[in-house]
Amino acid sequence: MDMDDFKVAPKTARKAYELEYDSLSQAAIEKLMEQDVEHIRGIFGVDASTASLLLRHLAWNKERLIEQYMDHATKMLVAAGVSIPEPEPARPSRRPARKPAAKSPKSETFVCPICFDDAPDLAPLALDCTHAACSGCWAAYITSKIRDEAEHACRCMAEGCALVAPDAFVRAAVDPETYVRFQGLLVRHFVACTPALKFCPYPACTNTVACPAAASKASLASVVPIVSCGARGIAAPSPSSAGMSQSQELARQATGKEHKFCFGCIIDSDHRPVVCGVALLWLKKCRDDSETANWIKSNTKECGKCMSTIEKNGGCNHMTCKKCKHEFCWVCMGPWSEHGTAWYSCNRYDEKGGVDARDSQSKSRASLERYLHYYNRWANHEQSAKLALDLFAKTEKKMEEMQVTSALTWIEVQFMKKAVEEVDKCRMTLKWTYAMAYYLAKGNQKDLFEDNQRDLERAVEDLSELLESPIEPENIPTLRQKVTDKTVYVQKRNTIVLEDTADGFLEGRWKWNVPVDGFDQPENE
Amino acid sequence: MSLPKRIIKETERLVADPAPGITAAPHDDNLRYFDVTIQGPDGSPFQQGIFKLELFLPEEYPMAPPKVRFLTKIYHPNIDKLGRICLDILKDKWSPALQIRTVLLSVQALLSAPNPDDPLAPDVAKHYKEDEQGAQRVSREWTQQYAS
């Protein structure tokens, strides 16, 4: 018998809770970028460097770029930092400080206007705008832009000059390591600009996933786009790895967890069956109690456009999001543009916000009991899932024991491992079903959902218990039979929960007791 | 920790050839920390006031902007209770080609040209928007009371 015996259905048929997606390496993304650059280069008849600066300026939106470039080519080139604007007849100067001190009279020795160094061997370096500085300052400037600010568009150092350093200039200015970082930033920018792409959130992973089916916000009300970037992380540490054979070692590596994450939201694990909106609601609710969350809550806000978390550590209320450059007011979170023309309403916001906060507080106290019911079960599964590592180590030990005490081979005792994996997977599902149930509106649908949940939970607990039971040489065959049967059953129950929930989303069967983005408003009871 | 040549030269020039209405002197024990005074520009409600400020050059200077803060209380829509200043070149419009002198001149210019459309002190900005004359009167009073 081999592991295939455990598969319920052949892998070819895609289940309702699975989505089509592609995993791409950084090189593959760079190729996509090259294709876009090549495309624009062909149409506009410009060089590759110009084409890529234009594309970056317009967030890789080719259609918009072509349209705008056809209308105002010169304006676009200036805005993208490719060329210098034509000198205007009268330049309105806001600041009185426009003195030509930076450019010392062109004497025989060059003085860098940034570090004021005048060593004779100093090499002046400039973009097309001829604002020269020494190579050391350029290196420090571009390195600080890339490393400290994570900014890929390095504009000329001269005040008010908007020329952007082309890639070749950047490459020449900085050390190879920083240039690699620069390329990484470009890839990230491209991925961030393309709705059908998402960067793998796992630390140090450079893969990207393409999932066009989940690219729009509206689609997230009907699908849960759990994807894997194709890379595998560190395998569960095994206490007995010293005495392992080579095949065991290989098998251990293969069990390294996949980089599984959600394409639609920021959760970096599998949150099926529940959709992103509800999962996020739940996580936010759970985190409201923790210290970190309290700090984040009181010190940060999310950008209204790209949802990046922002800490305001100084300066005024006119905020510019580092990531998407959205300008907004820190007090009312409204777009800044509205503040400039019409007078702003920040002062009024506080009063209303205060009332809302008090309202929700009393409400949450009333429903605390209900919440705790769901939370305890959620936390229990999460805790059990964390203990899965221990269970895994224990199981491995058991597997070794079995090889010694019975005639079973290593391959044949794999049923234990398979069972542990299945339990782990199902606990994940169960955990999120509690988040879902908490927000489901009362009614038949919720009852059916909770029936499925109960069946799965019961099966999982049974299997868990079997795995913990002591092994006697004489009962190994029966244990093996039981575990195998139970594993198949648990797998089936899990599929039922996932599939039924996914179908429900597609059919619009689920109703919530709170407003959720992309769904109808809840009916008042 | 040795001081970069840029800071030494800037300091020399600031002392030797100060900008009109502006003084800046480094602390003896920390040459990156400056005591600054700015005269209120003529024709503004801050006329005849002498405003004290502090200026600090961070480690990254000139790649990062200096940190500037008013120490004297001032009634101005772009300067808040703590003396923090809302000025683009101190934030995202910073360029390494700017200097202490240019920064302080810009701060001085901000006193002549308050911008209530980009406020830091909302109540002051509102006052300036709705009743400029009255707001300027308060600015003058504060100048007399705190900055002379």
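Me: Where in chain B is Cys86(B) found?

Reply: Cys86(B) sits in the loop between strand 4 (67-70) and helix 2 (100-112) of chain B. Helices (H or I, at least four residues) and strands (E, at least two) are DSSP runs, numbered from the N terminus. This is a predicted model: local features need pLDDT of at least 70, side-chain atom pairs count only at pLDDT 80 or more, and totals for chains, interfaces and linings use all residues. Residues are numbered from 1 along each chain as its sequence is written, while chains are lettered from A and ligands numbered from 1 in the order in which they are written.

Me: Is Cys86(B) buried or exposed?

Reply: A residue is buried if 20 or more other C-beta atoms, placed from the backbone, lie within 10 Å of its own, exposed if 12 or fewer, and partly exposed in between. Cys86(B) counts as buried because it has 22 C-beta neighbours inside 10 Å. Across chain B, buried residues make up 40% of the 148 residues.

Me: Which UniProt annotation covers Cys86(B)?

Reply: An unreviewed UniProt entry gives it as "active site". Such positions are given in the numbering used here, feature names are shortened, and annotations may be inferred rather than shown by experiment.

Me: How many helices and strands has chain B?

Reply: Chain B has 4 helices and 4 strands, and from the N terminus on they run α-β-β-β-β-α-α-α.

Me: What box do the C-alpha atoms of chain B fill?

Reply: Taken along the principal axes, that box is roughly 50 × 30 × 20 Å.
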